[in-house]
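This report goes through a protein structure topic by topic. Keep the sequence and the 3D view open while reading.

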Amino acid sequence: MLGKKKNSFLVASTVFVLVMGAVALLDNETSSEQIDSEHSIDHSLVANAHKEANTYRKKILEKALPKKATGSAAYRNFVDSAVTTDQYLEELRIGQAKEFLKTSFKSLKDCYREGCGQLPDEDDGFYDPALSIAQQSLKRLLEITARHPKKLDLRNWMEESELLDLLGAENQGLRQAAFENLVNLKGTKEAFQDILEKTRELQGEAAGDALKNMLTFVNEDNKQDLIDSMALISKEGSSATVLGILENLSELKVSQSQINQITEGLCRFKEKKSESHNVAAMSYYLKSMAANSGIELEAQNYCL
Amino acid sequence: MKKISHGLIKSSLIGLTLVQALSSQAYFDKQQYLSEDTLLMTGQTKKSLQTDDIQDKKSRASIVRILDNVMATINKSAEIYGPIYRHDTRNSENYGDEIVKIILKSAHAKAKRYLDEGNPQAYYAFLALSLTVPNQEGLFVHFREVDSDRDYCNDERSTGENIKSSKAKDQFQAALNGEGGKKLFGIFNRNKESEGFLVKCKDLRGEKKYRQLIVGGSDGSDVGMFQLSALWHFDEFLNKGKYDSVKQTVDYGLNYLRQQFHHGYRNAATKYTCFLDENQNIDYFKLIRGSWSAYNGGPSQKCRFADKEGPYAGHDNGFKKNLDITLNLNDGGFFGFASDSTLDLSPAVRAAVEEVVTNLEKKTNSASALQSLLDS
């Protein structure tokens, strides 16, 4: 299986090399300094790893991105891991950067869940979607756009639904960057409701991160909406998802009725022996929440 | 014309590099470095070697021979932080104590929540895992110092020439030396070669000592005591230069390990029933093994250890051997890579690691020595 994959990959990469050669011939921005910077030898561990990571990152990205996106300075800056997200827009034409980021976002968001062509390591089969080139690239892209939403004219090309989808990505930094872009795009009030609704579909730590990020926007007007979402997840979500939320929200100040509302749906876990460790954890976080709120957990409503 | 020739050369060079990388089957497995004798020693005969058996001269050097194949040499001007392994003086320098303290303090910070949640066994399971993985991955070594003897740093060693597996050799050279690249690309190198964290032996002429960093892995780009891949762990580890610090490397490695442990722990009832015993309780020894399977193979591989016929069963069996070394600590067992290269621990630190294992096995929570270590 691995042999067949390797053979087809060899063929594909040979074609890729020929195409790259054609790109190199047509690339008007190629300069002697650029060739030197690509191929100069640096014995530094970081520089060699930069080069290898850049090569590998380029390989994956060039599978996922349209050809027009990979020939620009905006692309080269993007794949150069020595260029930080703060530095990215420096010395770039905004129009070119915007076009590259927009095209790349549209391509990567459609394939990131499958890795955009990245395969597991041959020797030990290692593969972590959170660490994949696709998700790390999306994270980097969204960190750039979060810093310059107006300059990059986000409102005219980034869709809220696309960002909401990314709240469920495996990469925590990507989830965080998606959240920040959502708030930039929609404003806190509108983003709050949309994210709250999305949270009901999220799982595990993704659900916890989404609600944790919203804590800064919680007030007495919208807190009940948050509690309603938590209560729904308590009734329907997995223990891992419930705990992903409770771990992050144990400092939320709630009323007696609100904590009763949250705990009501958790009795179902007590029946399963295999969940006993999670039940103990739920009990701990709920007690913390109650203590922080200055209330008691009522025995008849608290079945953990 | 100039542009065309540059383009042609550029594309052919890239093609050659790609073909070289793709056709090479370098596979660097630490287990391949262990001879049959060494494997036997670490797994099966450790009890007999705990007595006053005469040390075999060849076996005494085993860790040194293994390390010699996986160490890259550090620039004399580079700053490094943390304990340095010097084989002959490792015990007089209390290397074992220093490493254990760094590991347990970092592990405690990441696992303390399990104590808060009322589950000390999960806490001690993570601590035991934390004491095992750096042995499994990096033989408890991150930095090493050796005399500037040509046996420790010569062109063949620096380029991985003595690595047994040809695949491992090719990958090592590509990642750390660029030797192949230099021959092909040298004509374009108009920039002065800059010095970096790792250098070749010729850059250390006149030095009395070599400081080295452990570098290995299947593609030659796994760095440090936790063998963190430059491809997968580049952004938050390698790119941020954390490899220059033992503590930062341990922190990063244990953080990634904890993610696997925690996800398996929370989802044992639903997604990872391979962690449950016949009574539907969590078997923490299985959770430890599965956490390493995921560390090694990716998050979806948590139950890989349970597949005794699988392609990676050897990996998981190797880890189990090192886990057995950890679990033997409260039964007079040695601490370290092998019984011929033990790391002595002071009574206080020894008591702390024994508490970890005892508490895990007996489901207790008596931690006076451990608390003293954490407070130190």
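## Disulfides

With a relative accessibility of 7%, Cys116(A) counts as buried, because the limit for buried is under 20%. The model is a predicted one, and in it Cys116(A) forms a disulfide with Cys111(A), at an S to S distance of 1.9 Å. Cys111(A) is buried as well, at 17% relative accessibility.

## Residues with positive phi

Asp153(A) is not a glycine, yet its phi is positive, at about 55 degrees. Asp153(A) belongs to the loop between α6 (133-147) and α7 (160-166) of chain A. Its relative accessibility is 26%, so Asp153(A) counts as partly exposed.

Gln227(B) is another non-glycine residue with a positive phi, here about 50 degrees. Its place is the loop between β5 (222-223) and β6 (228-229) of chain B. Is Gln227(B) buried or exposed? Gln227(B) counts as buried, with a relative accessibility of 7%.

## The domains of chain A

Chain A is split into domain 1 (1-26 + 44-186) and domain 2 (187-304). Their contact takes 14 residues from domain 1 and 15 residues from domain 2. Between them, domain 1 and domain 2 of chain A bury about 1200 Å², and 60% of this area is on carbon and sulfur atoms.

## Nonpolar cores

In soluble globular proteins, nonpolar side chains tend to be buried together. In this model, the largest nonpolar core has 171 residues. Which residues have the most contacts inside this core? They are Tyr88(A), Leu142(A) and Met230(A). Helix α8 (residues 120-138) of chain B gives the most to this core, namely 10 residues. The core also draws at least three residues from each of domain 1 and domain 2 of chain A.

Leu142(A) can be looked at in more detail. Apart from neighbours within four places in sequence, Leu142(A) is in contact with Phe105(A), Met158(A), Leu163(A), Leu166(A), Leu174(A), Ala177(A), Ala178(A) and Asn181(A). There is also a second, separate core, which has 6 residues, among them Val146(B), Cys201(B), Leu204(B) and Tyr210(B).

## Arg144(B) and its surroundings

Arg144(B) is part of strand β3 (residues 143-147) of chain B. With a relative accessibility of 3%, Arg144(B) counts as buried, because buried means under 20%. What joins the side chains of Arg144(B) and Asp68(B)? The two are joined by a polar contact of 2.6 Å.

Asp68(B) is one of several residues in contact with Arg144(B) when neighbours within four places in sequence are left aside. Others in this set include Val64(B), Leu67(B), Met71(B), Ile84(B) and Tyr85(B). Tyr152(B), Tyr210(B), Arg211(B) and Gln212(B) are in contact with Arg144(B) too. Tyr210(B) is also one of the residues of the second core.

## Chain B as a whole

Chain B has 17 helices and 6 strands. Of its 376 residues, 60% are buried. Among contacts in chain B between residues at least 6 apart in sequence, 71% join residues at least 24 apart.

One residue of the strands is Val223(B), which lies in β5 of chain B. Its relative accessible area is 1%, so Val223(B) is buried. How far apart in space are Val223(B) and Gln371(B)? From C-alpha to C-alpha the distance is 31 Å, and in sequence Val223(B) and Gln371(B) are 148 residues apart.

Terms used: Residues numbered from 1 in each chain as written. Chains lettered and ligands numbered in written order. Predicted model: local features only at pLDDT ≥ 70, side-chain atom pairs only at ≥ 80, totals over all residues. Heavy atoms only, no water. Disulfide = S-S within 2.5 Å. Buried < 20%, exposed > 50% of the residue type's maximum accessible area, 1.4 Å probe, protein only. Helix = DSSP H or I, 4+ residues; strand = E, 2+ residues; numbered from the N terminus. Polar contact = N/O pair within 3.5 Å; in protein donor to acceptor, adjacent residues only side chain to side chain. Contact = heavy atoms within 4.5 Å. Core = buried A, V, L, I, M, F, W, Y, C linked by side-chain atoms within 4.5 Å. Domains from an automatic or database assignment. Buried area = accessible area lost by both parts, 1.4 Å probe.
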